[in-house]
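This report looks at salt bridges and at the surroundings of a ligand. The structure comes first, and the description follows.

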Amino acid sequence: MPCTVIVGAFWGDEGKGKIISYLALKDKLDVCVRTGSVNAAHTVWYKGNRYALHMVPAAFVYEKCRLLIGAGSNIEVKQLLEEIDQTNTKNRIGVDNQASIIEEKHAIQDKANAHLKQVVGTTGRGVGPAIEERVRRTAKLAKDILELKPYLTDVSEEVNNAMDIGKKVLLEGTQGLLLSLYHGTYPYVTGRDTSAAAICSEAGVGPTKVDEVLIVFKSFMTRVGAGPLPGEITKEEAIKRGWFETAAGTGRDRRSAPFNFELAKKAVTLNGATQAAVTKLDILFPTCKGAKTYDDLPKDAKQFIKEIEKQTSIPVVLIGTGPEALDIIDRRK
Ligand code: IMP
Ligand code: MG
């Protein structure tokens, strides 16, 4: 996996944090670049601790991994500094000179905007208004912020140099395809493109440098905020099935629905995905909990995995069977 892009299939919260933390430990990743911004939270469970990361790459669990935040990202300085502290990563994290800054006024604008708040259901972290500011060419950049001086770097240069000497690089996408500003369920979307191509662009990596695009599916679908969710079930039904979740970032209820193969196919096509991961198989089929090999899975769970492979035409290489980073069935060669 010299360069792998991790991308979400649906509306975020597919479990990208878990998959990235597993790959970091298992493959001994050299470099991980986080894209997107503070509206996304990646949950990592490691050694009994839970982390909900809004800024620091989920690969931090592997202590030799260089952690980078790309030029296309938007940084909330206070949150970043807190997470650097929490994860003890100040010696190995780098921020691109040209990443832009979310200021306090941006969050205030998010929350005061009736369309964003009531119609779209923004997380209110100020990401949309910060991107508007960047488009107007008036945004502050990371290089303008005193507290970020120790971390400044050229992420694109670092990553491309690392790939040139055969290091293992992972580009960490945030959110999911159906929240993409271009390809999602507009206007119920986030303020950026969330597809694999956009992840490369934000990190400063050309498309020909990518070896694998690993798409992450959850065994059922969830979304927070407004917008269509085909097959949506009631909260009561979700609780009964064990699917009910609250958002790692905002604590809001997540709505839920069964896995949708049509949407899965669309997400694979639009991202040019070459491999898939499926998380929370143990929630859909409780007897899968803690399974470490494919052969340990019950027949109905295998059938579900086979159906995903058949309909999307890509292999399911990783299967999540529990919350910890290492609760994974790994079918890669
Ligand atoms: P905003 O990007 O914070 O303005 O939110 C716009 C829409 O995207 C809302 O429906 C949010 O709930 C959703 N959204 C943004 N980031 C995430 C995420 O990381 N996971 C899930 N939903 C998100
Ligand atoms: Mg999340």
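## Salt bridges and the ligand site

Lys16 and Glu14 are joined through their side chains by a salt bridge, with N and O 2.7 Å apart. A salt bridge here is a side-chain nitrogen of Lys or Arg within 4 Å of a carboxyl oxygen of Asp or Glu. By this rule there are 23 salt bridges. This is a predicted model, in which local features need pLDDT of at least 70 and side-chain atom pairs count only at pLDDT 80 or more, while totals for chains, interfaces and linings use all residues. Residues are numbered from 1 along each chain as its sequence is written, chains are lettered from A and ligands numbered from 1 in the order in which they are written, and side-chain values use heavy atoms, with hydrogens and water left out.

Lys16 is buried, at a relative accessible area of 3%, and Glu14 is buried at 2%. Buried means under 20% relative accessible area, exposed over 50%, and partly exposed in between (1.4 Å probe, protein chains only).

| Pair | N to O distance |
|---|---|
| Lys16 and Glu14 | 2.7 Å |
| Lys218 and Glu245 | 2.8 Å |
| Glu262 and Lys265 | 3.3 Å |

Lys218 forms its salt bridge with Glu245 at 2.8 Å between the closest N and O atoms. This pair links distant parts of the chain, 27 residues apart: Lys218 is in strand β11 (residues 212–218), and Glu245 is in the loop between α8 (235–241) and β13 (255–258). Helices (H or I, at least four residues) and strands (E, at least two) are DSSP runs, numbered from the N terminus. Lys218 and Glu245 are both buried.

Glu262 and Lys265 both belong to helix α9 (residues 261–271) and are three residues apart, about one turn of the helix. Glu262 counts as exposed, at 52% relative accessibility, whereas Lys265, at 31%, counts as partly exposed. Elsewhere, salt bridges with shared partners connect Asp13, Lys218, Glu245, Arg254 and Lys280 in one network.

Which residues come nearest to ligand 1? They are Thr122, Thr123, Gln175, Thr190 and Arg252, out of 15 residues around the ligand, each having a heavy atom within 4 Å of it. A side-chain N or O atom of Thr122 is 2.8 Å from an oxygen atom of ligand 1. For Gln175, a polar side-chain atom lies 2.9 Å from a nitrogen atom of the ligand.

Methods: Polar contact = N/O pair within 3.5 Å; in protein donor to acceptor, adjacent residues only side chain to side chain.
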